[in-house]
Every structure is written in C-alpha cells, then in structure tokens.
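Thank you all for coming; I would like to walk you through one model this morning, going from strands to helices and back to strands. Please have the structure open while I talk.

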Amino acid sequence: MKKSSVQIIRTKKELRVQVTDWHMQGLKVGMVPTMGALHHGHLSLIREIQKHVDKVVVSIFVNPKQFGPNEDFDKYPRSETTDIKKLNEVNTDLLYAPEVSEIYPDGFLTTVTVAKITEGLCADKRPGHFDGVTTVVTKLLLQCLPDVALFGEKDFQQYTVLKQMAKDLDMPTEVMCGKLIRDEDGLATSSRNVYLTPEERKIALEIPKTLKQVITEIEEGILPIEEALEKGKQHMMDCGFKEVQYLEIRHSDNLEPLTQTFPETSPILARILVAAVVGRTRLIDNMPIKIFF
Ligand code: AMP
C-alpha cells in the first residue's frame, strides 16, 4: 500500500519531538545520513534499514566540514526535489534537511576525532576529512537519537571509523553496514559519477576490473601481495587515470595494513581499497579479499 509523502523537517527541535513521539509509541527508529543527490546505493540503504526498524529518518546535509579547500563543496550535486521523489518511492518516513546554520551555529567550536584508523587511505589526500565526518555524524545522531544508523560499505574506512566512534562514545545507536551497490556496468554507484564524461567513465570502469584482477592474483597465489598491487596501480595509470591515490589491502575489522606476513594460519578476511582520480573526479571502491599466509 502506498504511504503518505515523506515528512520534511529542517530543525533539530522538530526532529527531536517527532523521534521522541515515535519512541514513546514503542517504535524503533533508524537513520540513514546522506549528502543527497540520492541514487540506488542510498535507496538500498533505506530498504535495508526498513527491515530492522519501524520508522526511517534520512538526512540530507552537504557537510562543509568534510570538504577540503580545493574540493567540490560548491559544485557538489544538490537536487532536493528529485531526492524527495525518490524518498517517497521507497516510503521514507522523514527527511531531515537542516541548513548549515542549524548544524554549525555561530560560535561552534567542537571537533570529534577518532585516532589511528583515520590515518592513511582517504585521509592522506583529504586532511581533516574524517574529523568533518565524525563531527557531523555525532551531531546528526545526537539530534535524532536513532536506535540504528546505517552506513554504506562503499565508504569502508568511513563506516569503520563511525562504528569505532559510536562504540568509544557509548552512543545509544547501533551502527550497521549496508552492502556496496554498483551500476549495471560495474562502477560503484556514487553521486560524483555525474561528473564523468563518457570517455572518463570508460576509464573509471577499470577500477572494479583491476580490483577483481588483483584479488584473483593474490587469492590464487599467482603474485605476492606487493607485486599484485604494484601491477594493478601501473595498469590503472596505463589506462588513463590521472592519479592512483592508493591501492591497498587492510584487515576488515581494524584496517591494519596487510602486506607480506601475518602471524595467523587461517585465511584473513581483508579488504582491498582504492582511490583514483579520472579527469577531475576522485572515485573510491573496495572489495573483500581472502589473504592466506
Ligand atoms: P553520501 O551521500 O555519498 O555521503 O553517502 C551517504 C551514505 O550512502 C554513506 O553511508 C555511503 O557509504 C552510502 N553510499 C554511497 N554510495 C553507496 C553505494 N554505491 N552503495 C552503498 N552505499 C552507498
């Protein structure tokens, strides 16, 4: 049965009133934080969290604190009207779309920082990015107080950092991970894919292809880890990427680097993670990989 249109709220006060009311009725509330320009990846998170909760809040907030000075904050795609249509298609209960001043009023002075797992990978080229993410997600979770929050596997380092943060800060919200969604051609779905020209998109498709190739070479023992990664990076550069910022393998639970040896005998569930620039667009992707020693 078709439900009524998504309720739109722009202030933390109204959000608290609504979520408190749901909690008083004994309903479980889930939150999916996003920056909008919604796509299949976001909608899949909404459908997934609906299996665990009674009411779903989606936030749309393009967070200035997680963009560097030379990044795409100003031109990041914003499409609230289309987003609302998509939210209605998947029966979202509430859209929380605050103004920047609602999140960062004058005089705002606090930063939330997670150590260690915010070093390396995306942090190398995006200094301050994870502080921006952890600060805004702390605020969104405190404003909403959901029982569950769902983040996408697409941003694997981000999910790991946010899970750690919620645990360390005793947040009353369970942080869960939703699976990575790809476009039909295999490219990880992203709001930034709209920046790609057809020619750039062809190059971008080498990301998932290279990840698969490196996984095969390592899992089947064809090449040692370092050599397979080096070959993968070289292949991507040969295909026309402007830069391969990283192509690395990390432990799935704690993001410890996995290079040559590890004192374990059973296979380790790891992740191969990549960030690369094609044209002026930075893309990320990751896949699971089994490491045997
Ligand atoms: P964003 O709007 O890009 O900040 O993303 C909001 C949430 O959607 C984050 O938890 C992302 O990890 C998640 N997300 C973005 N793209 C995908 C995707 N292709 N598959 C699954 N989740 C995604």
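**Strands and helices in the model**

Five bridges join β5 to β6, and these two strands run parallel; helices here are DSSP runs of H or I with at least four residues, strands are runs of E with at least two, and both are numbered from the N terminus. This is a predicted model, in which local features need pLDDT of at least 70 and side-chain atom pairs count only at pLDDT 80 or more, whereas totals for chains, interfaces and linings use all residues. Residues are numbered from 1 along each chain as its sequence is written, and side-chain values use heavy atoms, with hydrogens and water left out.

Within that pairing, the bridge partner of F151 is C177 in β6.

How much of β5 is buried? Five of its five residues are, where buried means under 20% relative accessible area with a 1.4 Å probe, protein chains only. In a regular strand the side chains alternate between the two faces of the sheet. In β5, V148, L150 and G152 are buried on one side, and A149 and F151 are buried on the other.

β5 (148–152) is also among the elements that cover the buried residues of α2, together with β2 (29–34), β3 (55–60), α3 (80–89) and β6 (174–178). The buried residues of α2, which spans residues 40–50, include H42, L43, L45 and I49.

Let me turn to a pair of helices. The axes of α6 (residues 129–144) and α7 (residues 156–168) come within 11 Å and cross at roughly 50°, the axes being lines fitted to C-alpha atoms over the stretch in contact, with angles from 0 to 180 degrees between N-to-C directions. That makes α6 oblique to α7, since angles under 35 degrees count as roughly parallel, over 145 as roughly antiparallel, 65 to 115 as roughly perpendicular and the rest as oblique. On the α6 side the contact (heavy atoms within 4.5 Å) is made by F130, V133, T134, V137 and T138, and on the α7 side by Q157, Q158, V161, L162 and M165.

Finally, three strands form an open antiparallel sheet in the order β7-β8-β9. Its edge strands are β7 (243–251) and β9 (281–291), each of which pairs on one side only.

Note on methods: Two strands pair if DSSP finds at least two bridges between them. Buried means under 20% relative accessible area, exposed over 50%, partly exposed in between (1.4 Å probe, protein chains only).
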